[in-house]
Amino acid sequence: MLNISFSLSLFIIASFFFIHWYASLFMQSFFHHRYAAHMQFSINIFWERIFYIISYFTQGSSYLSPRAYALMHRLHHAHADTEKDPHSPIFTNRLDKMMWKTKQMYAGIFRDRISVEEKFKVKVPDWKWMDNLGHSFWSRLFWMLAYTTFYVFFATQWWMFLLLPFHFFMGAFHGAIINWFAHKIGYINYPLNNTSRNLVNIDLLMWGESLHNNHHKYPGRANFATKWFEWDPMYPFIRLLDTVKIIRLKPLVVNR
């Protein structure tokens with residue numbers, strides 16, 4: 001532990017948590033969700049590999065395979081709130097049970113123990129080497145030790161270490177917020193055959209993912225905001241990357 005003041009320690013720990021939360025979630029929303037699962041824009045193979053690598057470093061111990069995530073999420077949209085839905089909250093009254101089912105489904109898809117129809121596999125990105133690295137025991141252990149070491153150096157209060165589980169399982173916490181709460185609370189713009197809701201109209205916590213009812217209505221739309229009073233903070237970044245030609249937005253009127 002370094003000999004630093006409590007206020008400096010709190011600033012460093014809070015900043016580290018803030019950066020990890022938003023960087024990890026940015027890649028899950030931008031790369032795994034909007035690109036891998038929904039192909040809302042195109043990326044050439046060079047930049048696709050770059051985003052794979054960035055995902056590995058930002059997600060760390062909770063690294064998710066873009067391929068397995070995309071397949072599972074496509075199943076979610078195809079079977080929302082039915083028994084085939086990988087993570088519908090209507091079949092259980094406990095968040096942990098829903099997330100355990102999600103974990104089992106994800107692992108089964110990743111290990112090819114669960115068969116997925118070919119129609120869901122169209123244009124799914126796949127880099128087995130990076131996925132195997134991110135999923136390896138030693139990689140996950142390395143990142144957990146790295147987070148813990150950071151806290152050992154900079155934390156000055158024992159309760160700061162309570163944030164470590166969030167770092168270890170960051171992706172699971174992100175998924176739980178949307179897959180559970182965005183199907184239980186919030187407002188509805190579009191009545192659909194599922195329980196999707198918008199948690200908030202300006203989603204600064206989840207990079208726009210909380211505009212979940214809008215997304216279920218228009219899954220191919222890169223901008224999750226549809227009403228004048230809503231804002232998707234991810235969309236300006238997508239437009240910027242499109243402008244500099246790193247990605248190519250699909251020419252859908254609904255995106256603009």
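**Pocket lining and ring contacts**

In this predicted model, the lining of the largest pocket divides into 19 nonpolar, 14 polar and 5 charged residues.

Q: Which residues lie nearest the centre of the largest pocket?
A: Leu 64, Met 99, Lys 103, Gly 171 and Ala 172 do, out of a lining of 38 residues. The space in this pocket is about 940 Å³.

Q: Which helix gives the most to the lining of the largest pocket?
A: H4 does, with 9 residues. Helices that each supply at least two residues include H1 (6-37), H3 (66-78) and H8 (170-181).

Q: How many aromatic pairs does the rule give, and why is the pair of Tyr 151 and Phe 161 called tilted?
A: The count comes to 39 aromatic pairs. For Tyr 151 and Phe 161, the ring centres are 6.1 Å apart and the planes are at 55 degrees. Centres within 6.5 Å make a pair.

Q: Why does Tyr 151 count as buried?
A: Its relative accessibility is 0%, and buried means under 20%.

Q: What makes Phe 161 partly exposed?
A: Its relative accessible area is 28%. That lies between the 20% and 50% cut-offs.

Q: How do you know that the charged end of Arg 34 sits over the ring of Phe 224?
A: The distance to the ring centre is 3.7 Å, and the limit is within 6 Å, and within 35 degrees of the ring normal. Arg 49 lies over the face of Trp 127, at 4.3 Å from the ring centre.

Definitions and conventions
Residues numbered from 1 in each chain as written. Predicted model: local features only at pLDDT ≥ 70, side-chain atom pairs only at ≥ 80, totals over all residues. Heavy atoms only, no water. 1 Å grid on protein atoms, 1.4 Å probe; cavity = no way out; pocket = protein on both sides within 12 Å on 5 of 7 lines; lining within 4 Å. Points joined across faces, edges and corners; volume = space filled by probe spheres on them. Helix = DSSP H or I, 4+ residues; strand = E, 2+ residues; numbered from the N terminus. Nonpolar A, V, L, I, M, F, W, Y, C, P; charged D, E, K, R; others polar. Phe/Tyr/Trp six-rings, centres within 6.5 Å; stacked < 30°, edge-to-face > 60°. Buried < 20%, exposed > 50% of the residue type's maximum accessible area, 1.4 Å probe, protein only.
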